[in-house]
Amino acid sequence: MKKRYTIALVALVLGFMITLQFRTTNRAAEPVVPFDRANELAVELRALAKERAGLEAEANDLERKLSRTRLGYTQAEEILKAELHDAAVKAGMTAVEGPGVRVIITNTSERTAPGTIFTFRDEDLLKLVNELRAAGAEALSINGQRLISKSEIRLAGSFIIVNTQKITAPYEILAIGDSPALRSSLEISGGLVETLRDWGMNVTIEPRNKVVIPAYKGSLRYEFAKQAKEE
Amino acid sequence: MGLMIAVQFRLSREIERTVPVQRVQRLTEEVRAARQDRDRLQARVTGLRNELDDATTQAGLRPMKATLSGYRIEAGLVPVIGPGVEVTLSDSNAVLQPGQNPNLYVLHDEDVLRVLNELRAAGAEVLAINGERLLSTSEVRCIGPTILVNKAKRVAAPFVITAIGEPDTMINSLRMRGGVVDTLQQFWGIQVSIRKLTQVSIPAYKGSREFTHARPVGG
């Protein structure tokens with residue numbers, strides 16, 4: 001008699017499980033996509049909303065400027081000055097300030113064992129700047145050289161060249177942006193700065209309430225590129 | 001029974017990590033509409049800038065307008081054309097030996113960064129990847145088979161870098177013995193092809209360039 005109860009119990013549990021299993025398998029058979037893909041789309045949608053808001057504001061501003069320009073020469077000149085200032089800020093031709101980080105890298109090549117190749121290279125600086133850009137840096141400078149879209153960071157002999165100017169250690173990188181985000185992008189475990197430190201380099205990252213970044217000192221004359229009227 | 005419990009458990013976990021396809025379809029649709037809307041606004045802004053230029057043709061304003069044009073190019077506010085090069089990068093086609101790390105033979109952020117840096121050092125004036133204008137704030141991030149630039153913009157392989165500048169200087173600099181292209185091809189078998197173009201056209205930056213943290217000093 002006791003044996004029969006046990007069998008009934010096992011059968012009951014088994015039956016329950018089979019049903020559950022069947023139902024989940026059925027659900028799994030519905031078309032689904034990995035969570036990452038949906039997440040990517042959501043991120044893009046957010047970015048697009050921001051871009052649209054920005055463009056909308058820009059279009060309204062331009063419309064206002066345009067109608068004022070048509071009033072006469074004085075107004076046209078005044079509007080053009082405003083446009084010039086606006087473009088200068090976006091092009092890095094004015095000094096800017098804001099919250100951010102100050103990164104100092106001391107080249108400790110004297111202290112590393114002879115024959116090691118682990119001195120600070122242009123590539124490290126290139127990667128560091130890339131990390132800061134990915135973390136949303138709005139303005140950047142290396143040893144007083146403002147980085148613009150065509151700034152190179154390149155080893156030439158024993159110097160690193162930025163904007164065709166020689167820079168030497170210690171390297172001071174300034175970035176304006178959300179300082180916690182900028183800082184954590186560099187200090188992330190297994191990230192670039194950890195690797196640099198493992199190699200014996202001295203890297204300090206200071207969040208700052210106010211960082212001042214100088215204007216680009218070169219000229220923005222273009223020999224080859226011309227403004228096009230249409231895309 | 002143990003086996004069943006295990007299958008059950010794994011299935012449930014799998015389901016948690018997925019999203020119904022309908023939701024993604026809706027999202028994809030929304031993204032497409034938002035993109036169209038963005039492009040429409042972008043065209044309107046470009047058009048208004050052209051109108052503003054046409055409305056300020058007085059002789060006295062000419063020097064200011066010349067400066068403005070340069071600033072706009074650097075800021076990515078306007079589309080540009082000029083002579084230049086087109087560099088196409090694609091993953092290695094090397095046949096891997098058993099035990100070799102395939103990760104070494106695919107394109108990394110650093111490779112793209114180095115090619116861009118080399119072009120800049122050779123005097124490139126304006127750059128883009130797969131039609132995405134590169135600015136002073138642009139990063140390059142390789143994520144799987146795609147590259148992420150300008151924060152949320154995803155571009156897929158093959159990666160085509162376009163640069164406006166003196167074509168021969170840029171080509172020589174890239175092709176230098178022991179240079180960037182040499183290293184990429186010889187060591188990792190990354191496929192690089194370089195084309196000289198008499199006219200490259202690079203679109204304006206897609207989006208607005210307002211700063212949220214940086215403000216002009218004293219302004």
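Guide: A nonpolar core here is a set of buried Ala, Val, Leu, Ile, Met, Phe, Trp, Tyr and Cys residues joined through C-beta atoms within 7 Å. Keep in mind that this is a predicted model.

Visitor: Fine. In the largest nonpolar core, which residues touch the most other members?

Guide: Leu140(A), Ala175(A) and Leu127(B) do, in a core of 85 residues.

Visitor: And which helix gives the largest share of this core?

Guide: Helix α3 of chain A, residues 73-91, with 7 residues.

Visitor: Back to Leu127(B): what does it touch?

Guide: Leaving out residues up to four places away in sequence, Leu127(B) touches Ser149(A) from chain A. In chain B, Leu127(B) touches Leu116(B), Leu119(B), Leu134(B), Ile161(B) and Ala163(B).

Visitor: What is in the second, separate core?

Guide: That core has 5 residues, including Leu55(A), Ala59(A), Leu62(A) and Leu41(B).

Visitor: Switching to the sheet in chain A. What is the strand order?

Guide: The order is β5-β6-β7, an open sheet of 3 strands with antiparallel pairing. β5 (153-156) and β7 (165-167) of chain A are the edge strands, each pairing on one side only. From one strand to the next, the twist averages 40°.

Visitor: How many bridges are there between β6 and β7(A)?

Guide: Strand β6 of chain A, residues 159-162, pairs with β7(A) over 3 bridges. Ile161(A) has Lys166(A) in β7(A) as its bridge partner.

Visitor: Which helix lies across β5 and β6 of chain A?

Guide: Helix α4 of chain A, residues 122-134, running at about 175° to β5(A).

Notes. Residues are numbered from 1 along each chain as its sequence is written. Chains are lettered from A and ligands numbered from 1 in the order in which they are written. This is a predicted model: local features need pLDDT of at least 70, side-chain atom pairs count only at pLDDT 80 or more; totals for chains, interfaces and linings use all residues. Two strands pair if DSSP finds at least two bridges between them. Helices (H or I, at least four residues) and strands (E, at least two) are DSSP runs, numbered from the N terminus. Axes are lines fitted to C-alpha atoms, for helices over the stretch in contact, and angles run from 0 to 180 degrees between N-to-C directions. Two residues are in contact if their C-beta atoms, placed from the backbone, lie within 7 Å. A residue is buried if 20 or more other C-beta atoms lie within 10 Å of its own, exposed if 12 or fewer, and partly exposed in between; C-beta atoms are placed from the backbone.
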